[in-house]
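User: Hi! Could you walk me through the salt bridges in this one?
Analyst: Happy to, let's bring it up.

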Amino acid sequence: MAAGRRISTAAKEIGVHRSTLHNWFEIPAFREAYDDASRLASGAVSDQMHELSRLALDTLRQILTSEKASPSVKLKASLARKSHQQPLAKSRHLRH
């Protein structure tokens with residue numbers, strides 16, 4: 001579930017009924033462990049997205065500064081950078 005699975009799917013995977021899993025969430029230690037795992041999973045995904053964003057920006061930089069790239073390829077790279085600029089700014093804002 002911390003990795004984004006539904007409760008019914010997670011319950012089936014571990015061999016318990018979904019109501020059992022719901023009941024476990026009433027146990028503070030279980031809920032705390034779940035919340036910790038959820039935070040770790042979320043942090044890992046965020047780190048991966050930032051790394052992919054960095055790689056994408058490096059690739060765009062290489063295209064835009066390449067003497068071999070045609071003007072149309074550079075234009076497409078510029079447009080791709082522009083279209084992804086706002087979502088990246090939002091993700092940085094959400095992370096802090």
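Analyst: What follows is a short chat about salt bridges in this predicted model.

User: Great. How many salt bridges are there in the whole structure?
Analyst: The search of the whole structure turns up 5.

User: Which residue does D36 pair with?
Analyst: D36 pairs with R39, and their closest N and O atoms are 2.4 Å apart. Both residues sit in helix α3, which covers residues 28–65. They are 3 residues apart, or about one turn of the helix.

User: Is R39 buried or exposed?
Analyst: R39 counts as exposed because its relative accessibility is 54%, and the cut-off for exposed is over 50%. D36 has 34%, so it counts as partly exposed.

User: Switching topic: what does R54 meet in a salt bridge?
Analyst: The side chain of R54 meets that of D58, at 2.7 Å from N to O. R54 is partly exposed at 40% relative accessible area, and D58 is partly exposed at 25%.

User: And which residue does D58 bridge to with N and O atoms 2.9 Å apart?
Analyst: That one is R61. D58 and R61 are 3 residues apart in helix α3, so about one helical turn separates them.

Conventions: Residues numbered from 1 in each chain as written. Predicted model: local features only at pLDDT ≥ 70, side-chain atom pairs only at ≥ 80, totals over all residues. Heavy atoms only, no water. Salt bridge = Lys/Arg side-chain N within 4 Å of Asp/Glu carboxyl O. Helix = DSSP H or I, 4+ residues; strand = E, 2+ residues; numbered from the N terminus. Buried < 20%, exposed > 50% of the residue type's maximum accessible area, 1.4 Å probe, protein only.
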